[in-house]
Amino acid sequence: MSDTASKLFVVSGPSGAGKGTLVARVREELPNLGLTVSATTREPREGEVDGTSYYFLTPDEFQRRVDADEFVEWAHVHGHCYGTLKSEVERNLLQGSSLILEIDVQGALQVRERMPEAVLIFIKPPSLEVLAERLRNRGTETEDAIALRLSNARRELALQDRYDEIVVNDDLDEAVGQLIGIIENYERN
Ligand code: ADP
Ligand code: 5GP
């Protein structure tokens with residue numbers, strides 16, 4: 001019999017803090033960890049694939065699904081709608097393994113309301129300066145979009161105390177190790 005239990009982990013933090021990078025690295029080490037594909041109304045970036053990176057929906061289609069109560073949580077983030085479909089969570093939980101939701105702080109707090117057993121993990125950049133540098137180096141956003149993400153980062157950082165765990169993503173390998181440690185620790189308890 002397995003001595004670990006499947007858990008729902010929610011990872012959030014400012015855009016550019018390194019959530020995507022960290023979660024991808026953690027999933028290489030823990031391949032059974034499920035990841036939900038979110039829905040969004042934003043345009044795909046170069047290389048993003050519909051159904052894998054996100055479900056890219058029109059605003060009308062997104063609203064239709066909100067009205068049909070198809071989301072576990074959803075929020076307006078950086079000028080677009082993003083949400084986790086109930087079907088995605090159910091699909092993953094049916095497989096009996098733990099699951100990671102990589103979502104913004106508003107969505108994380110909605111999940112906490114609906115699923116109090118969820119473990120909330122906040123990913124923090126070492127400083128706002130480093131965050132700005134990472135967003136610029138990533139090269140996926142215009143300067144206007146970067147400015148919006150940085151001003152939202154201040155509001156997001158103010159909510160970090162509502163989380164169960166905080167990981168500072170300074171050295172990537174160290175942050176990956178910390179995140180794996182947290183996940184394994186909760187799965188054992
Ligand atoms: P998020 O998913 O939180 O928006 P990303 O994972 O896209 O952030 O990371 C933002 C940028 O910072 C990417 O270009 C990524 O390669 C880089 N990055 C992530 N973690 C680190 C780190 N520990 N040190 C340096 N650069 C990092
Ligand atoms: P990006 O546009 O850079 O892919 O994501 C922007 C922000 O949207 C990130 O902070 C990310 O965590 C958040 N996000 C992605 N998917 C979801 C989701 O399903 N729900 C919520 N609430 N936020 C999400």
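This briefing covers two strands, E1 and E6, and the elements around them. The model is predicted. Strand E6 covers residues 80–85, and five of its six residues are buried. Strand E1 covers residues 8–12, and five of its five residues are buried. Strands of a sheet pair through backbone hydrogen bonds, either parallel or antiparallel.

**The sheet that holds E6**

- An open sheet of four strands has the order E4-E3-E6-E5. Its pairing is mixed.
- Strands E4 (55–56) and E5 stand at the edges of this sheet, and each has a single partner strand, so one side of each lacks a neighbour in the sheet.
- Burial means under 20% relative accessible area. Five of the six residues of E6 are buried, so the rest of the structure largely encloses this strand.

**E6 and E3**

- Strand E3 spans residues 39–40 and runs antiparallel to E6. Two bridges join the pair.
- Alanine 39 has glycine 83 of E6 as its bridge partner.
- Threonine 40 has tyrosine 82 of E6 as its bridge partner.

**E6 and E5**

- Strand E5 spans residues 71–77 and also pairs with E6. Six bridges join them, and the two strands run antiparallel.
- Glutamate 73 has threonine 84 of E6 as its bridge partner.
- E5 and E6 form a hairpin with two residues between the strands. In this hairpin, histidine 78 takes a positive phi near 45°.

**The helix across the sheet**

- Helix H3 is made of residues 86–94. H3 lies across E4, E5 and E6.
- The helix runs at about 35° to E6.

**E1 and its side chains**

- Five of the five residues of E1 are buried, so this strand is largely enclosed by the rest of the structure.
- In a regular strand the side chains alternate between the two faces of the sheet.
- In E1, Leu8, Val10 and Ser12 point one way. Phe9 and Val11 point the other way. Residues on both sides are buried.

**The partners of E1**

- Strand E7 (residues 99–102) runs parallel to E1, and four bridges join the two.
- Valine 10 has leucine 120 of E8 as its bridge partner.

Methods: Residues are numbered from 1 along each chain as its sequence is written. Chains are lettered from A and ligands numbered from 1 in the order in which they are written. This is a predicted model: local features need pLDDT of at least 70, side-chain atom pairs count only at pLDDT 80 or more; totals for chains, interfaces and linings use all residues. Side-chain values use heavy atoms; hydrogens and water are left out. Buried means under 20% relative accessible area, exposed over 50%, partly exposed in between (1.4 Å probe, protein chains only). Two strands pair if DSSP finds at least two bridges between them. Contact means heavy atoms within 4.5 Å. Axes are lines fitted to C-alpha atoms, for helices over the stretch in contact, and angles run from 0 to 180 degrees between N-to-C directions.
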